[in-house]
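Here are a few notes to read alongside the model. Have the sequence open next to the 3D view as you go.

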Amino acid sequence: MTKLYDLAVIIGNLREVSYNRNIAQIPIESAPAQLRLEVVEIAQSPPYSRDYDEATPPAEYSSFRQRIVRADAALFVTSEHNRSLPAALKNALLAGDGDVSAATVSEAIKRYDVDPGKPNPVTV
């Protein structure tokens, strides 16, 4: 029996229609049968605060953390913002850090940079 791998797709852009979201559709639509790719939305998470970890974290943090732990790997599709990650993605990573080890998140990360101003081939 073939193992089914679960990949959490995290898009670093909050826009409903974005280059990143469109690029993320490529592996989602062309994945082989043994891969299940699901977009994990990050727009609903409130701004991260360590205070939440000392009390009851918001439900959005808990569901994000549970989804990441359940995944076999994470696929980040993001653009570069001032030589760094977008603020929304940083917020999601901070929120997800509560009970997710770095090893869990970093097992398989593939980053696609999307810059409409430069040719940047995407390989899947």
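1. Start with I10: leaving out residues up to four places away in sequence, I10 touches V40, I42, F64, I68, L75, F76, V77 and L89. A contact here is heavy atoms within 4.5 Å.

2. A word on the numbers before going further. This is a predicted model, where local features need pLDDT of at least 70 and side-chain atom pairs count only at pLDDT 80 or more, while totals for chains, interfaces and linings use all residues. Residues are numbered from 1 along each chain as its sequence is written, and side-chain values use heavy atoms, with hydrogens and water left out.

3. I10 also belongs to the largest nonpolar core, which has 12 residues, including A8, V40, F64 and A92. (Such a core is a set of buried Ala, Val, Leu, Ile, Met, Phe, Trp, Tyr and Cys residues joined through side-chain atoms within 4.5 Å; buried means under 20% relative accessible area with a 1.4 Å probe, counting protein chains only.) Two or more residues each come from β1 (5-11), α3 (59-70), β3 (73-77) and α4 (87-96), and α4 gives the largest share, 3 residues. Another core, of 9 residues, lies apart from it, with V9, I23, L37 and A73 among them.

4. Now the whole chain: 5 helices and 4 strands, running β-α-β-α-α-β-α-α-β from the N terminus. These are DSSP runs, numbered from the N terminus: helices are H or I of at least four residues, strands E of at least two.

5. How much is buried? Of the 124 residues in the chain, 35% are. Of the contacts between residues at least 6 apart in sequence, 74% join residues at least 24 apart.

Definitions and conventions: Buried means under 20% relative accessible area, exposed over 50%, partly exposed in between (1.4 Å probe, protein chains only).
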